[in-house]
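Hi everyone, thanks for coming.

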Amino acid sequence: MSLLVQPRLINVPSGDPGLYLDFQFGRRAMLFDLGDTSTLSARELIRVSHVFVSHAHMDHIAGFERLLRLRLHRPLPLTLLGPPGFADQMQSRLGGYSWNLLCETSVDFRMTVQVFDGAQIVEVAEFAAREQFARRDLAVPELPRGAVCSEAEFEISAAALDHGIPSLAFAFRQRQRFNVWRSALDTLGLPVGHWIDEAKQALRDELPDDHMIAVPGTEPVPLGLLRAQVFERKPGQHFAYVTDAADTSANRARIIALARGADQLFIEAPFLHADKDVAQATRHLTARAAGEIAHIAGVRRVTPFHYSARYGADVAKLANEVSAAFNCK
């Protein structure tokens with residue numbers, strides 16, 4: 001049985017923040033934050049369609065150049081989204097290079113940069129390789145309040161948190177999940193491929209059992225057979241990603257609303273409660289606060305990360321503090 005998306009932190013908890021979303025059957029991936037990406041292969045980065053950046057501190061955006069270099073001569077578009085000022089920051093980064101070798105015959109790589117103000121996307125800029133990455137402003141998409149990406153199978157929403165500057169937190173919600181029984185595919189002699197997405201859409205549309213699904217390399221398969229043997233209907237996946245936020249009542253309320261009932265919450269836990277003064281001065285959460293938020297939000301699993309370097313390799317206390325607060329009765 002396979003899920004639509006497999007999320008995983010790209011670094012150890014004391015490394016740069018970053019969450020990689022691997023779409024199992026979609027030949028694509030997404031990233032939350034773009035710091036150190038050395039653990040990701042070129043193949044994994046080439047698959048990335050969207051990057052959602054919490055804010056532009058170096059440990060959250062320093063990997064941009066590597067991603068750009070890998071994508072520059074490939075036609076697949078790339079979308080990045082960040083807080084207010086993000087489009088101007090990306091324009092400045094692109095302006096730091098000489099693009100005189102790019103022209104109208106270059107590979108048609110296009111990068112779209114979107115700005116989210118805490119309620120909606122308010123600014124969109126496109127940078128095209130064939131135009132030497134000159135900025136072109138585009139119309140903003142029409143999305144529900146709080147949404148930053150909306151597709152047939154899922155929606156990604158965001159909230160702006162206080163970190164001295166706006167820092168975005170994100171939630172992924174699958175509209176409806178259809179698990180795929182890989183053993184059933186093997187039994188029926190059906191390959192993994194894009195046809196699975198088409199079959200899932202047919203199931204969401206409640207098409208009849210005699211509707212035929214085209215499968216490359218074999219005869220069309222009736223939807224009823226797939227419904228009975230290959231797919232299992234389940235509640236949609238829901239997980240949230242939260243980093244770099246002060247421990248304020250407003251931040252807690254926004255995080256809890258975003259993560260309420262999530263299958264998994266990825267949340268920063270940089271400092272022990274004993275060092276709460278340091279956390280307050282740098283506008284970060286403590287490990288205890290992270291666990292308390294996860295507990296109140298009623299998430300099924302909490303995964304802490306973004307541990308402060310001050311603790312070196314001795315990070316077990318941070319994880320234990322999160323766990324104790326999360327599991328309290």
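The count here comes to 13 aromatic pairs, where rings of Phe, Tyr and Trp (its six-membered ring) pair if their centres lie within 6.5 Å. By plane angle, under 30 degrees apart is stacked, over 60 is edge-to-face and the rest are tilted. One of these pairs is W99 with F133, edge-to-face at 4.7 Å centre to centre and 65° between the planes. That pair links distant parts of the chain, 34 residues apart: W99 is in the loop between helix 4 (86-94) and strand 6 (110-116), and F133 is in the loop between strand 7 (121-128) and strand 8 (135-138). Helices (H or I, at least four residues) and strands (E, at least two) are DSSP runs, numbered from the N terminus. W99 and F133 are both buried, meaning under 20% relative accessible area with a 1.4 Å probe, protein chains only.

A quick word on the ground rules. This is a predicted model, where local features need pLDDT of at least 70, side-chain atom pairs count only at pLDDT 80 or more, and totals for chains, interfaces and linings use all residues. Residues are numbered from 1 along each chain as its sequence is written, and side-chain values use heavy atoms, with hydrogens and water left out.

Now to F239 and F266, an edge-to-face pair at 6.4 Å centre to centre, with 90° between the planes. F239 in strand 16 and F266 in strand 17 are 27 residues apart, and both are buried. They also belong to one aromatic cluster with F23, F154 and F172.

And which ring does the charged end of R28 sit over? That of F23, 4.9 Å from its centre; the rule asks for NZ of Lys or CZ of Arg within 6 Å of the ring centre and within 35 degrees of the ring normal.

Key
Buried means under 20% relative accessible area, exposed over 50%, partly exposed in between (1.4 Å probe, protein chains only).
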